[in-house]
Amino acid sequence: MSTESPARLAVRKTYKLYIGGAFPRSESGRSYQVHSASGAFLANAALGSRKDARDAVKAARAAVGKWSGATAYNRGQVLYRVAEVLEGRHEQFVSEVKAAEGGSRKEAAAQVDAAIDRWVWYAGWSDKIAQIHGGANPVAGPYFNLSAPEPTGVVAVVAPAGSSLLGLVSVIAPAIVTGNTVVVVASTDKPLPAISLTEVLATSDLPGGVVNVLTGKVAEIAPWLASHLDVNAIDLTGVTDDTLAKDLEVAAAENLKRVIRPADPDWNADPGVSRMLALLEIKTVWHPKGV
Amino acid sequence: MSLTAEVARSQGALRTFLHGLPGVDQVGAEQRAAMLGTRSIKTTAKAQALDLAIRMVDLTTLEGSDTPGKVRALCAKAVRPDPADPTCPSAAAICVYPAMISVAAEALRGSGVHLASVATAFPSGQAPLDVKLADTRAAVADGADEIDMVIKRGAFLAGRYAEVHDEIVAVKEACGDAHLKVILETGELATLDNVRRASWLAMLAGADFIKTSTGKIQPAATLPVTLVMLEAVRDFRAATGRIIGVKPAGGIRTAKDAIKYLVMVNETAGPDWLDPDRFRFGASTLLNDLLMQRTKLATGHYAGPDYFTLD
């Protein structure tokens, strides 16, 4: 009898979508092959359809009340928790980012470090952004006049095509820290770190539906999000095709969505608060001063 | 002697007849309902189904907090569900508590939308018969042309079928020209066998419609329960020639669900029942989803609830 144990069968991960806190396959039943930067086959990812986008918007809308109603302090804690869990999976993300983006292990580790730090940085903003962006306005009368930023609602995000984790984190965190919920279309060629990130989100006290992630073709999914009347803002950061971006902007105009379309951002630079501010609306209230 | 007269002549005859009905295969009914729910209804068929479903909606508000203003708003919505689109059909009826009938009657005058009222101590049905009859007569006198009554589930479950039967007969008489829908409250009947028996009992007693639920008890309408009721009206027509309508109520909230019901109606009772006079949905939130799906088909993009009235 041989003492050597037989080779273990590989246990491969099925990369699925993340909608409403669950991991469904695409409604369409389709999938596509994902390759590494060097061209090797990595995995099959779900090829999301318009109906997946519809379901994701529904889940995101359902989550708005609870998430935007949570205290800023609580949202900050939840986001910090996400960073903690990310840190625990550091090695896994380094491997996935390296496979997706190529380069050395050291470069990939730097990307993961930066992504976790970025997440913590945004988490800290949760109970501070209102003080920077809102405030008391002096008015000519015996009134308090206070402006406070409020979340826009459901935000559709086309994640950066190139930066599979740092770029992704840099578009999700500023949207949700202020109380928005998001439907993210992950990078078509590098979707695996995004799906692994959802496993972190699912185990970090983030309510289901606050972040929903679709994988698939941007040109197929994004038009449905841009024209969806129950989406309040759209972030076109990851749309590389100018014609498509223009079409999406036109479709978004139908219900006056807020549109973010930055010119090729440098993800390693200080992000500033502009992304958070772009997804906030100012509410101003008047209140009579007492005697 | 007709079937109706024959089985209704005594408690014993009713019991023999109802317990002689074939038992329902519950697993089979659930599988059949699930299978019919997988049919794909697209494009023009979907457009027709949505319009038909809108025409079948009994737009319902049965809350202690109902005000005349809310009832008037709901009536306006039933008459013109989508003010932006004149091709959108009206709903079938408004369904309210008796106290709101006069308000609704005023708001619906001349619109062709029916006015249904629940009566007979809705939703429990636990009141003396003369109170129930007075309730019914008052509702008809105020202008309701459809009465939704509840059966006495306690008597039914205790096997006192004649008592339930006679009560339905009495209420039907009190209705006069108004249509009578008999609510079985299937969520309290425990088994599909009981649903089949209660359906037959109501039909034998003269119901014009049999309705699943009050909407106050969970579970309310489900596909298997409605399947059993549709089989009952089909078989009743074969036995007597009379066509009875079916109304699932409660828990039907999406256009997708409504279309599943329509498929089941067509496949079980037949296309004769694909008509607002023979099949209704008791619902409130369903209408908005139907309108959103209708708008999606017309415009090509997804609609949002912000663009439809709250109710």
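Modeller: Start with one bridge in chain B: B:Ile183 has B:Lys211 in β6(B) as its bridge partner. Keep in mind that this is a predicted model. Strand β6 of chain B covers residues 209-211. Three bridges join β5(B) to β6(B), and the two strands run parallel.

β5(B) also pairs with strand β4 of chain B, residues 146-150. Five bridges join these two strands, and again they run parallel. One pair to look for is B:Ile147 with its bridge partner B:Leu180 in β5(B). In general, strands of a sheet pair through backbone hydrogen bonds, either parallel or antiparallel.

The cut-off here is 20 or more other C-beta atoms within 10 Å of a residue's own.

Now follow the chain around this strand. Helix α9 of chain B spans residues 161-175, and helix α10 of chain B spans residues 192-204. Their axes come within 9 Å and cross at roughly 45°. The two helices are therefore oblique to each other. The crossing of α9(B) past α10(B) is right-handed. From α9(B), the residues that meet the other helix are B:Tyr161, B:Val164, B:His165 and B:Ile168. From α10(B), they are B:Leu201, B:Ala202 and B:Leu204. By class, this contact has six nonpolar residues, one polar residue and no charged ones.

Next come the loops of chain B. The peptide bond joining B:Gln218 and B:Pro219 is cis, with omega about -5°. Another loop, between β3 (114-118) and α7 (129-142) of chain B, holds B:Pro123. The bond from B:Phe122 to B:Pro123 is cis as well, with omega near 0°. B:Ala121 also lies in the loop between β3 and α7 of chain B. B:Ala121 is not a glycine, yet its phi is positive, at about 55°. With 16 C-beta neighbours inside 10 Å, B:Ala121 counts as partly exposed. Why point these out? Most residues other than glycine have a negative phi, and most peptide bonds are trans.

Two bridges join β3(A) to β4(A), residues 143-151. In that pairing, A:Gly135 stands opposite A:Ser147.

Chain A has a positive phi too. A:Asp205 is not a glycine, and its phi is near 70°. A:Asp205 sits in the loop between α7 (192-202) and β7 (211-214) of chain A. It is partly exposed, with 13 other C-beta atoms within 10 Å.

Last, the two chains touch. Six residues of chain A are in contact with seven residues of chain B. On the chain A side, two are nonpolar, two polar and two charged.

Technical notes: Residues are numbered from 1 along each chain as its sequence is written. Chains are lettered from A and ligands numbered from 1 in the order in which they are written. This is a predicted model: local features need pLDDT of at least 70, side-chain atom pairs count only at pLDDT 80 or more; totals for chains, interfaces and linings use all residues. Axes are lines fitted to C-alpha atoms, for helices over the stretch in contact, and angles run from 0 to 180 degrees between N-to-C directions. Helices (H or I, at least four residues) and strands (E, at least two) are DSSP runs, numbered from the N terminus. Angles under 35 degrees count as roughly parallel, over 145 as roughly antiparallel, 65 to 115 as roughly perpendicular and the rest as oblique. A crossing is left-handed if the near helix is turned anticlockwise from the far one by less than a right angle, and right-handed if clockwise. Two residues are in contact if their C-beta atoms, placed from the backbone, lie within 7 Å. Ala, Val, Leu, Ile, Met, Phe, Trp, Tyr, Cys and Pro count as nonpolar, Asp, Glu, Lys and Arg as charged, and the others, Gly among them, as polar. Two strands pair if DSSP finds at least two bridges between them. A residue is buried if 20 or more other C-beta atoms lie within 10 Å of its own, exposed if 12 or fewer, and partly exposed in between; C-beta atoms are placed from the backbone.
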